[in-house]
Amino acid sequence: MFGIMNTCIGGESASTPEKSQGQPQKDQCDMFINVVYSGDKEKSASQNPNHEWFLKKRKFLERKGLLRSKSEPYIPPYKHRRDKAKAGQSSSTVSSTEGSHSQRPKVIFKHDTTRPQPAKVNPKVEPGVRRPVSDRPSKRSRKSKKAKLLNPAVAGPAIAQRAPVPGDVSDSNQRAISLLDGLNLPALAPALINPSKYAAIDCEMVGGGPQGQVSMLARCSVVSYEGDVIFDEYIKPDQLVTCYRTRWSGIRPKDLVNAMPFQEAKKRVAKLLHGKVVVGHAVHHDFQSLAYVHPPSHTRDTQKIPLLNLKGGFEVQRTVSLKILSKAILNDEIQTGRDGHSSLEDARATMKLYRAVASDWEKVLATGYNFWGVFKGLTSN
């Protein structure tokens, strides 16, 4: 707040409000003085709590050496460390010409390049000898795991054993064959297979929850022993769908507009599977999506039947996908194209695979022989 006061020396004094329209006479005053003051502004600035806190904090940081004073020149942080590293001196001694920076606490970063790092030694290359350009791996020469599986000559001995090679029998497969030969399956009575008691199932799931991590049933297909359709419906999940997984499931938003509710589909599928032998590939995922429990004695999982792996030329303990098994055993190509998988196609392929080894595998199960228990006991030795 500003103020103006007029003072007359040697005569009568007059203030500004009384004589605002004219100046005092010369014969009345020997000297005329104008005084301007702004004491209220300084008082208000000093009473600003935010500014006082800022000044107090700045002084505190300057005393601790964490903040440079305005009078000091700016020095980039850790410049003295880089200079001493280049000169080959120790980083512990700091020059006295660096001012208050020598008193700063030393901070070690995770990726501090100035600190000495241990030298990386390649055991295949002698020290001081540069590796030839021809021996260095290039990005173009690196092949994916899938390409290596398809080409055992490039894969190497470790991965080549996993690829199906006709006539090549690994140690684990030889043990499995010897165990099956010990049962003498041809001499056993043929297994009684009632086609009406068998059904194959496959389900397609969509994602729900954050980032579609929760699997929810969206389509279910059930076929008979001959591959006839028993049940094939789109199913609307109870929760909101956040990811349709169209690339794998083949489900699109329009498919679930007038779809069957989940609770109704669950009751119908459970009624169809009751009392039957259910065939599926990784069938536990299908049961989990249906919230359904089936007796293990009436469940046939083609992913866990060693006869299929032996027939396709794979290792017994290897988990083979439905697509690869169908191509190796049935010479059928499934899950092709960009429209995603079809649960009806997968269910029919699963039943075809099971029918290829049904008679022999049912004989093994009829004997009550714990094949996997004995096989794992042999492989652990």
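The second largest pocket has a volume of about 460 Å³, where a pocket is an open set of points on a 1 Å grid over the protein atoms alone, with a 1.4 Å probe fitting and protein on both sides within 12 Å along at least five of seven lines. The model is predicted, with local features needing pLDDT of at least 70 and side-chain atom pairs counting only at pLDDT 80 or more, while totals for chains, interfaces and linings use all residues. Residues are numbered from 1 along each chain as its sequence is written, and side-chain values use heavy atoms, leaving out hydrogens and water.

**Pocket lining**
- Of the 20 residues that line the second largest pocket (an atom within 4 Å of a point), those closest to its centre are Pro296, Thr299, Arg300, Asp301 and Lys304.
- Two or more lining residues come from each of helix H10 (283–290), strand E9 (299–301), helix H13 (343–367) and helix H14 (371–380), these being DSSP runs of at least four residues for helices (H or I) and at least two for strands (E).

**Salt bridges**
- A search of the whole structure finds six salt bridges, each a side-chain nitrogen of Lys or Arg within 4 Å of a carboxyl oxygen of Asp or Glu.
- Glu362 and Arg300 meet in one of them (2.9 Å, N to O); Glu362 lies in helix H13 and Arg300 in strand E9, so the pair ties together parts 62 residues apart in sequence.
- Arg300 is buried at 8% relative accessible area, as is Glu362 at 10%, buried meaning under 20%, exposed over 50% and partly exposed in between (1.4 Å probe, protein chains only).
- Lys327 and Glu333 also pair (3.3 Å, N to O); Lys327 is partly exposed at 40%, whereas Glu333 is exposed at 56%.

Definitions and conventions: Points joined across faces, edges and corners; volume = space filled by probe spheres on them.
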